[in-house]
Each structure stands twice: as C-alpha cells, then as structure tokens.
Amino acid sequence: MKRAPQRIVSLVPSDTYSLVRLGVADRIVGRTRYCVEPADVVGSIPRMGGTKNPDVEAILNARPDLVVANQEENTKKDIARIAGAGIAVFLSFPKRVADGLAHLARLANLLDIGKDPAVKDLLRGYYHALREAEAERARVAPIKTFFPIWMDPLMTVHGDTFISDALDLAGAANVFADRARRYPLLADLGQAPPASPDKVEGRDTRYPRVTWEEVVARAPDLVLLPDEPHEFGEADRAKFLALEIPAARGDGLGVRLVDGKDFGWYGARSLDALGGMRRAIRVAGGDGAKVDG
C-alpha cells in the first residue's frame with residue numbers, strides 16, 4: 001500500500017487552515033505568505049511565495065510528496081511545472097460550502113486520517129452545522145445583501161461563487177447573484193455594448209464590476225465589507241453609508257466590516273464560522289421574517 005503523504009506544501013490559505021484543523025500541521029513543510037491562519041501554528045512554517053507567484057524552486061527543494069492547490073487561486077503554469085517534476089498535486093475548486101466539506105473529507109482520506117476518531121468527530125460536527133444552516137435558511141426570509149470584493153473598480157460576486165453560497169447559507173441573499181461580468185470593462189459598466197458570446201467563451205464571468213447606481217437600484221438591506229481580497233475600511237464604509245440604500249438608514253449597522261475569510265475560505269474555516277456568520281447577519285439585518293409554512 002502506498003504511504004500517505006508526509007511532506008505537504010499548501011498553496012491555498014484555506015487548505016492550510018484545513019490541514020491544521022485535520023491535525024496534520026506537522027506534515028506541512030511549506031505555505032504561501034497568505035496562509036496566515038491559525039497564526040500560532042503556521043508562523044513557523046516556511047513561506048514559499050504567494051498564491052499567484054509561488055517560489056517553485058523552493059517548493060521543489062522542500063521535496064514534498066504532495067502539493068495542495070486550487071484551480072482558481074493558483075496558475076496552470078506553476079501547477080504544471082510542479083507536477084512535471086514528479087510531485088503529486090491535489091487540485092480542487094469548491095464552489096459551494098457543501099463542496100468544501102466534501103473536499104475536506106477527500107483530503108482526510110488522501111492523508112490516511114479519515115478513520116481517526118478526532119477527524120471523524122470534526123467532519124461529523126461540520127456536517128451537522130451545514131444541515132442546521134440549510135434548515136434555518138429554509139425557515140427564515142433572507143436579507144438582501146451586497147458583498148463587494150474590490151473598491152476601485154467596484155466589484156462583487158455572481159451567484160455561482162463560493163462567497164455567494166456562504167452568504168446564502170448564513171441568511172443573506174446576494175443582490176447581484178444574477179449579474180454576470182460583461183466584457184469589455186465599459187460594457188460591464190453599462191457604457192458600451194457587450195462582446196458577443198463567442199468572444200467571451202471560456203472567460204470567467206463570476207466577478208462583475210458594478211456601478212454605484214446599480215448598487216442603489218438593487219437596494220440592499222445589508223452591506224458586508226470584507227477585509228480580503230480588498231481590505232475595506234472605515235473610509236470605504238462611509239461611502240456606502242452616504243448612499244440612498246436601506247442598509248445606510250437608521251443607526252448605520254446595516255453597513256458592516258467583516259472578516260472575509262469567514263465567507264471566502266472553503267473547507268474548515270467557513271464551516272467553523274458558519275454559526276457566527278448566521279448570527280451576525282441576523283443581528284445586522286434585523287431578525288427577519290419567517291417564511292410561511
């Protein structure tokens with residue numbers, strides 16, 4: 001039987017967190033500079049570049065028997081070079097919170113720890129947290145929410161993204177779930193005709209650039225400003241509070257700074273945060289209305 005991987009390089013911050021939660025921090029021999037949690041554990045693990053520009057030479061020199069990567073966060077060129085050197089690559093692309101749980105279970109089995117009692121308890125707890133969130137989502141009316149990911153240009157997420165699914169599970173309805181990205185930029189901003197479908201084929205349309213006028217027209221009851229990938233701050237919050245949107249009325253609690261890792265890190269981190277996200281959204285947006293039936 002082939003030996004389970006003992007030397008792992010993680011090129012994905014959420015996977016680094018998940019590996020630690022699975023109890024295999026001692027197997028991680030390399031990480032990116034964005035792999036920052038859990039801070040008290042990963043601080044001693046060597047950094048090997050970023051997610052888009054990893055130090056491939058350092059990775060190869062670390063002699064890992066597994067590199068954990070993500071189809072969206074890492075580049076095809078770097079993954080091909082690592083795989084070409086004979087190193088196994090575990091490549092994933094979870095687009096839903098449930099996908100993140102399935103990915104976590106596959107990772108545990110790959111590392112030959114899927115039957116460990118502590119790992120089984122961890123995964124069982126995540127499964128119950130997911131089912132509880134799904135049941136609550138069906139019972140309570142969601143809060144219309146705007147979740148930008150960049151400020152200039154103003155960007156957000158389509159419904160076919162991990163972030164949008166995390167929002168949904170937490171009780172927030174993404175007001176731009178139906179808004180695909182258009183090409184070129186002027187078309188995305190409504191200032192030019194969009195390119196024909198054949199010219200857009202194969203391009204990612206899940207992260208639209210939107211106008212402030214569109215945000216006002218979508219009338220969100222809640223605006224959540226994450227600290228990544230763009231680090232929104234109080235100055236940004238003030239701009240949203242100045243808009244004529246329901247979220248900016250009253251005491252201003254409808255425009256909030258939040259931890260972007262809770263909504264964007266698939267696997268253990270988003271599952272750990274699920275209960276807290278649900279509570280924060282209900283408090284920020286009001287108790288919400290119960291769904292009839």
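Let me begin with what I mean by a cavity: on a 1 Å grid over the protein atoms alone, it is a set of points where a 1.4 Å probe fits but cannot get out, and lining residues are those with an atom within 4 Å of a point. Grid points are joined across faces, edges and corners, and a volume is the space filled by probe spheres set on the points.

What we have here is a predicted model, in which local features need pLDDT of at least 70 and side-chain atom pairs count only at pLDDT 80 or more, while totals for chains, interfaces and linings use all residues. Residues are numbered from 1 along each chain as its sequence is written, and side-chain values use heavy atoms, with hydrogens and water left out.

By that rule, the count is 1 cavity of 30 Å³ or more, and the volume of the largest cavity is about 70 Å³. Its lining consists of Glu136, Arg137, Val140, Leu169, Ala170, Gly171, Arg278 and Arg282. If we take Ala, Val, Leu, Ile, Met, Phe, Trp, Tyr, Cys and Pro as nonpolar, Asp, Glu, Lys and Arg as charged, and the others, Gly among them, as polar, this lining has 4 charged, 3 nonpolar and 1 polar residues. At least two lining residues come from each of α6 (117-139) and α13 (268-285), where helices are DSSP runs of H or I with at least four residues, strands are runs of E with at least two, and both are numbered from the N terminus.

Now to the charged pairs, and which partner does Arg278 have in a salt bridge? The partner is Glu132, with the closest N and O atoms 3.8 Å apart, a salt bridge being a side-chain nitrogen of Lys or Arg within 4 Å of a carboxyl oxygen of Asp or Glu. This pair links distant parts of the chain, since Arg278 lies in helix α13 and Glu132 in helix α6, 146 residues apart. Arg278 is buried at 16% relative accessible area, where buried means under 20%, exposed over 50% and partly exposed in between, with a 1.4 Å probe and protein chains only; Glu132, at 47%, is partly exposed.

Glu136, which also lines the cavity, forms a salt bridge with Arg139 at 2.6 Å, N to O, and the two are 3 residues apart in helix α6, about one helical turn.

Finally, Arg269 and Glu37 meet in a salt bridge at 2.3 Å, N to O. Arg269 is in helix α13 and Glu37 in the loop between β2 (28-30) and α2 (39-42), 232 residues apart.

Technical notes
On a 1 Å grid over the protein atoms alone, a cavity is a set of points where a 1.4 Å probe fits but cannot get out, and a pocket is an open set with protein on both sides within 12 Å along at least five of seven lines; lining residues have an atom within 4 Å of a point.
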